[in-house]
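Hi,

Here is the structure I promised to pass on. Have a look at it first, and then read on for my notes.

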Amino acid sequence: VYMLRRVNQIARDISLREWIFIRSKKGYQFLLSDNPVFSYDSIKDKITIEPSVNSNIYFPITKDIGLIIKPNLSLNCHYMNTEKEYIKVLNLGTVQFSFNQIISHSKELISYYIEKHKQIVKNN
């Protein structure tokens with residue numbers, strides 16, 4: 001019963017947020033994984049698996065298209081292009097929360113972000 005109530009609460013909370021589709025910058029792509037959804041809390045400057053009231057929820061859908069679910073109706077747009085720095089943050093989050101598989105058309109891209117993630121873990 002608790003899990004059903006929790007799922008209903010999460011569904012209601014997500015439905016009240018602003019959904020924005022994003023497109024990767026030309027020459028860049030989003031990584032995909034077996035656990036693709038994560039959140040970024042800009043107030044705490046932290047990527048997490050559990051969304052908070054202030055966090056954006058990220059979901060890469062394809063190598064070129066992703067979804068951001070924002071906490072409030074601030075941008076009044078439902079589609080935007082992304083900059084390369086933003087793509088890097090999203091790809092690092094995808095690597096951080098993947099269970100076993102990271103998916104890309106580029107083996108080099110996967111290797112780059114796995115190494116980048118290892119460096120971040122080592123330095124923290």
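Let me start with a question: is Pro60 buried or exposed? Pro60 is buried, with a relative accessible area of 10%. For that word, buried means under 20% relative accessible area, exposed means over 50%, and partly exposed is in between, with a 1.4 Å probe and protein chains only.

Before going further, a word on what you are looking at. This is a predicted model, where local features need pLDDT of at least 70 and side-chain atom pairs count only at pLDDT 80 or more, while totals for chains, interfaces and linings use all residues. Residues are numbered from 1 along each chain as its sequence is written, and side-chain values use heavy atoms, with hydrogens and water left out.

As for confidence, pLDDT is the predictor's own score for each residue, from 0 to 100. The protein averages a pLDDT of 83, and 92% of the residues score at least 70. Where pLDDT is low, the predicted coordinates should not be read in detail.

Back to Pro60, which sits in strand β5. Helices (H or I, at least four residues) and strands (E, at least two) are DSSP runs, numbered from the N terminus. Leaving out residues up to four places away in sequence, Pro60 touches Phe30, Leu31, Leu32, Pro36, Ile65, Gly66 and Thr94; contact here means heavy atoms within 4.5 Å. Val37 is 23 residues from Pro60 in sequence, and their C-alpha atoms are 7.5 Å apart in space.

Now the strands around it. Two strands pair if DSSP finds at least two bridges between them. β5 covers residues 55-60 and runs antiparallel to β6, with four bridges joining the two. Together β5 and β6 form a hairpin, with four residues between them. Pro60 stands opposite Gly66 in β6, and Phe59 has Leu67 of β6 as its bridge partner. β5 also has four bridges to strand β3 (residues 38-41), again in the antiparallel sense; there, Tyr40 is partnered with Asn56 of β5. β5 is mostly covered, five of its six residues being buried.

β6 is mostly covered too: five of its six residues are buried. Two of its residues are worth a look. Ile68 is found in β6 and is buried, at a relative accessible area of 2%. Phe38 lies 30 residues from Ile68 in sequence, and the two are 10 Å apart, C-alpha to C-alpha. Neighbours within four places aside, Ile65 is in contact with Phe21, Ile22, Arg23, Phe30 and Pro60. Ser111 is 46 residues from Ile65 in sequence and 21 Å away in space, C-alpha to C-alpha.

Which strand is joined to β6 by six bridges? That is β1, and the two pair in the antiparallel sense, with β6 spanning residues 65-70. Ile22 has Gly66 of β6 as its bridge partner, and Trp19 stands opposite Ile69. β1 (residues 18-23) has a covered face made of Glu18, Ile20 and Ile22, and an uncovered one made of Trp19, Phe21 and Arg23.

Finally, the helices. The axes of α2 (residues 84-97) and α3 (residues 107-123) come within 9 Å and cross at roughly 80 degrees; the axes are lines fitted to C-alpha atoms, for helices over the stretch in contact, with angles from 0 to 180 degrees between N-to-C directions. That makes α2 roughly perpendicular to α3, a label for angles of 65 to 115 degrees, whereas under 35 is roughly parallel, over 145 roughly antiparallel and the rest oblique. On the α2 side, the contact is made by Ile87, Lys88, Asn91, Leu92, Val95 and Gln96, and on the α3 side by Tyr113, Ile114, Lys116, His117 and Ile120. These residues divide into six nonpolar, three polar and two charged. Nonpolar covers Ala, Val, Leu, Ile, Met, Phe, Trp, Tyr, Cys and Pro, charged covers Asp, Glu, Lys and Arg, and the others, Gly among them, count as polar.

Cheers
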